[in-house]
Structure formats: C-alpha cells, structure tokens
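Hello,

Here is the structure I said I would pass on. Please open it first, then read my notes below.

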Amino acid sequence: MGRDKARRLSGSRHFRQRLVLATLTSTAITVDDIRSGGSAPGLRPHEVSLLHLLHKISDHHSLDLNETGTKLRYKPGVIVGGRDLEHDCGVHRGIGYFLEPLILLGLFARAPMSIRLKGITNDTKDPSVDTFRMVTLHMLKQFGVPLEGLELKIESRGAPPLGGGEVFLRVPNINSTLKAANWVDEGMVKRIRGVTFSTRVSPQIGSRIIYAARGIFNRFIPDVHIFTDHRSGSAGGRSAGYGVSVVAETTTGCLLSADATVCYPNVDEMNEESESSELTSPEDLGVQVASMLLEEVAQGGVVDSTHQGLLFILCALSPPDVSKVRVGQLTPYAIETLRNIQDFLDVKFIIKPDSNSNTVTLKCVGAGVKNLARKTL
C-alpha cells in the first residue's frame, strides 16, 4: 500500500491520527503550516514526544522537522516493536494520548512490544490509563486480537501538573490481518465496575467518591462495585489529585466507560484567581461521573463516545470483508476520523441512522492492511 509521492497535509489538526494512519499505510506525508499563524508556532511538546516515540518503535524511516517546528516531512519505515522499551511522555498530555497510537502500531509490528511509559496517568484531557486497561484493550478481541498478549499494568500514579506516574504496556503483534467485526447489539447493562484513585491526599476521598456514585447507580442497578486505589510516597507520583473511572458491562459483553480527574494547581504557579476557584469535591465528582456513564448508556451503541474513532479505524484496517458496528450520536472527532480513514485507506463507510433508537449503524469493507513487518524478519 506504499505510495511514492508524499501526501501534502496542512495544519496541526488530528496530527496524532494522521501520523498513525500514514505509518500503517506506508504513506509519506508532508505537513505544512503547523500553527504557523499563532503566537506559539510549531509542534507542541507532546507532539514532539510522539515523534520521539515513533522513532523508538520504527526502523528505516525518516523524520525531518524544520527549525520553527511548522513543517514536517515523514516517510514511514518498518514498525519493529521490541521488548523493554522506555519512553518519558512528559507532563503536557497524559499517557492516554500515547497509548492509542502504541496499541494500533504494536499490532502491526515485527515483534511483540513491551514498553514502560512515564508521565501523567490521569488527567482532564485524555482517557485515563484505567479506561484503557478496563475497556480499550478488551475492544480488540472483537477484531480477533487475543487478550493473552495484552497487558497494561499501573506501576505508579501521576496527576498533573508534575506527573510521576508509570505504566507498563504489552501489545502482541498479529500474524497477518485483523478480523472483520459484526458488532451491533449492545444488550442491557448487567453490572457496573470501576476504580477511584487518590495521590498525596486523604485516603478517605476514594470512599466519598464511591458513596456519591453509588447513590446514583443504585437507583438503576444493584450490582455496582468500585475499587479504591490510594497511592502514597513514590507510587503516588509528584502531584496531588483524585479521580474515578467507571465501566458499564452489558449482557452482550460491551463495555461503556466514563472517567474524570481533579488535580491541584501547581503551587508555584498559583495566582489569586486560581486560589479562589474551588476544586470539584469528591461527592460532586462521584455524581458527575455516574451521570456521564448513564448518559453514555442512554446514547446507545456498542462503544462509548470516546472509543468511536478507534472502533472505526479497526474496522477500516480489517480484511476486505464487511464490518458492521452500531454507535450512539457521532462525535466531531469520530466524523473527522472517518474523513482521515477515507484519505489514507480509501475506505468509505455507509452510515445509516436509526430514528427509533437514535443510534447510527456504520458498514464498511476493510482495506485488508496486513502485518508485512513480520515478513521482514
């Protein structure tokens, strides 16, 4: 699927997704005008960190970034994977920002991948590492990926702004291709599971979050179990924070998630305005996350809104067979993902809204992307 001529792209939108799709399809890209008109032009620190990560897991590739960081030339090589890799994700974005690309690229690597990631495990911008562990990895079995080789272990927690967390990820590489999915029945919710985290704060905060969340959930379902994960010392990272990730499991094995984090501002950078703004209390956080999860369930579909983009990419990478999935209302990110899929994989989805359930059914014939890296051993 390689192309000789570099594809020209413009701007910083969906930079991460474009890089991943370019790598999986061996498409050389040139990205111009990366925030060139802004007061802070060029790539952000987390985007540069993603390029460093790509460099660590690839071979025979070329990356050329100009001095101002506003123009990037990228020619993908072979995804090699490898064992005992390490990467510092920095503190500008959570580890969740880097996990999705790693999972997708790891499946098509020459060798199984194991990597230790350091940085922020739970923040307000990206899905938490708990959501990846409890939901995202389990999605892959719908596409024929064995769960045995998948693992995400949370060694230590890290909240913003200073991080200090660490996770260990293992991703197996597939033999040839993924499997097409026919995944349209979300079933009924049978139980709710979750985990609270707290670092460098009172251990009681976790119990307060659970009490508030259960107050909402138990009106609808009795089977609710939320664990607490309190970390102190080095295992608690370098900043104080707390949060919760919850998952609704359905009768057909679908997993729908919601998570939220509260982090304390950096003491050195606190001004009078940030000092006076109150943090969300554990009780309010519990109610907020419970309401978010119930909203995801009410939307319908086999995945929650956070996972729509990843679901569509997996369908598009599958063999040239029909994949059919059902989701709730399409998010702006998911719609942009469908455009990027058409650009890089030339896969078009047939979208059929269902007015009765307010869900959307999507069908596509996959591009049949194969793990050619294994052939280069």
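Tyr-242 is buried, since its relative accessible area is 3%. Buried means under 20% relative accessible area, exposed means over 50%, and partly exposed lies in between (1.4 Å probe, protein chains only). Tyr-264 has 31% relative accessibility, so it counts as partly exposed.

This is a predicted model: local features need pLDDT of at least 70, side-chain atom pairs count only at pLDDT 80 or more, and totals for chains, interfaces and linings use all residues. Residues are numbered from 1 along each chain as its sequence is written, and side-chain values use heavy atoms, leaving out hydrogens and water.

There are 3 aromatic pairs in the structure. Rings of Phe, Tyr and Trp (its six-membered ring) pair if their centres lie within 6.5 Å; planes under 30 degrees apart are stacked, over 60 edge-to-face, and the rest tilted. One of the pairs is Tyr-242 with Tyr-264, edge-to-face, at 6.4 Å centre to centre and 70 degrees between the planes. Another is Tyr-97 with Phe-98, also edge-to-face, at 5.1 Å and 80 degrees. Both Tyr-97 and Phe-98 are buried.

In α3, 12 of the 12 residues are buried, so the rest of the structure largely encloses it.

What about disulfides? The structure holds 0. A disulfide needs two cysteine sulfur atoms within 2.5 Å. The sulfur of Cys-89 is 17 Å from the closest cysteine sulfur, in Cys-263, too far for a bond.

Best wishes

Key:
Helix = DSSP H or I, 4+ residues; strand = E, 2+ residues; numbered from the N terminus.
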